[in-house]
Amino acid sequence: MSVWVVFTVAIFFLERHASGTDIHNPWQSAYWTASQMSTIGTNYANPIRWQAHVLDLALKVYAVIIVGTLAGAVGAFFLHPRKEEPA
């Protein structure tokens with residue numbers, strides 16, 4: 001949650017006055033950040049400023065790591081072999 005808040009605020013302050021951006025208020029920034037973190041993307045344009053591009057890349061890497069870790073944990077749970085009790 002704290003990562004989401006930090007990236008939401010950072011993207012908002014970097015993109016709010018950029019020409020050609022789709023992020024003009026905190027709600028749009030929060031929506032964009034949440035959609036990037038869920039790795040599904042959004043119909044908003046990519047960030048305009050180079051600093052926001054760096055944050056976007058960092059957020060995408062973070063999201064892939066988190067989603068991959070959660071998927072691996074769930075997969076490992078179901079692949080764990082059971083020990084059979086002797087009859």
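This is a predicted model: local features need pLDDT of at least 70, side-chain atom pairs count only at pLDDT 80 or more; totals for chains, interfaces and linings use all residues.
Visitor: How much of the chain counts as buried?
Guide: Of its 87 residues, 22% count as buried.

Visitor: And what share of the contacts joins residues at least 24 apart?
Guide: That share is 52%, taken among contacts between residues at least 6 apart in sequence.

Visitor: Let us turn to the helix pairs. At what angle do α1 and α3 cross?
Guide: The axes of α1, residues 2–15, and α3, residues 50–79, cross at roughly 160° and come within 10 Å. Because angles over 145 degrees count as roughly antiparallel, α1 is roughly antiparallel to α3. The crossing in which α1 passes α3 is left-handed.

Visitor: Which residues make that contact between α1 and α3?
Guide: Helix α1 contributes V3, F7, A10, I11, L14 and E15, while α3 contributes Q51, A52, L55, A58, L59 and Y62. Sorted by class, the contact of α1 with α3 has 10 nonpolar residues, one polar and one charged.

Visitor: How do α1 and α2 cross, left-handed or right-handed?
Guide: The crossing of α1 and α2 is right-handed. Their axes come within 8 Å, at an angle of roughly 130°, and the two helices are therefore oblique to each other.

Visitor: Which residues are involved there, on α1 and on α2?
Guide: On α1 they are V3, W4, F7, T8, I11 and F12; on α2 they are P26, S29, A30, W32, T33, A34 and M37. The contact of α1 with α2 has 10 nonpolar and three polar residues, with no charged residues.

Visitor: That leaves α2 and α3. How do their axes cross?
Guide: The axes of α2 and α3 cross at roughly 45° and come within 8 Å, which makes α2 oblique to α3. W32, T33, Q36 and M37 of α2 meet D56, L59, K60, Y62, A63 and V67 of α3 in this contact. By class, the contact of α2 with α3 comprises six nonpolar, two polar and two charged residues.

Visitor: Q36 is in that list. Is it buried or exposed?
Guide: Q36, which is found in helix α2, counts as buried because its relative accessibility is 10%, and buried means under 20%. The C-alpha atoms of Q36 and L59 are separated by 7.1 Å, although these residues are 23 apart along the chain.

Visitor: Next, the core. Which residues make up the largest nonpolar core?
Guide: Six residues make up the largest nonpolar core: F7, I11, I23, W32, A52 and L59. Helices α1 and α3 each supply at least two residues of this core.

Visitor: What is I23 in contact with, leaving aside its neighbours within four places in sequence?
Guide: Beyond those neighbours, I23 is in contact with I11, E15, R16, Q28, S29, W32 and Y44. Two of these partners, I11 and W32, also belong to the largest nonpolar core, as does I23.

Visitor: One last topic. Where is S38?
Guide: S38 lies in the loop between α2, residues 26–37, and α3. Its relative accessibility is 33%, so S38 counts as partly exposed.

Visitor: How far apart are S38 and K60, in sequence and in space?
Guide: S38 and K60 are 22 residues apart in sequence, and the C-alpha to C-alpha separation is 9.1 Å.

Methods:
Residues are numbered from 1 along each chain as its sequence is written. Side-chain values use heavy atoms; hydrogens and water are left out. Axes are lines fitted to C-alpha atoms, for helices over the stretch in contact, and angles run from 0 to 180 degrees between N-to-C directions. Helices (H or I, at least four residues) and strands (E, at least two) are DSSP runs, numbered from the N terminus. Angles under 35 degrees count as roughly parallel, over 145 as roughly antiparallel, 65 to 115 as roughly perpendicular and the rest as oblique. A crossing is left-handed if the near helix is turned anticlockwise from the far one by less than a right angle, and right-handed if clockwise. Contact means heavy atoms within 4.5 Å. Ala, Val, Leu, Ile, Met, Phe, Trp, Tyr, Cys and Pro count as nonpolar, Asp, Glu, Lys and Arg as charged, and the others, Gly among them, as polar. A nonpolar core is a set of buried Ala, Val, Leu, Ile, Met, Phe, Trp, Tyr and Cys residues joined through side-chain atoms within 4.5 Å. Buried means under 20% relative accessible area, exposed over 50%, partly exposed in between (1.4 Å probe, protein chains only).
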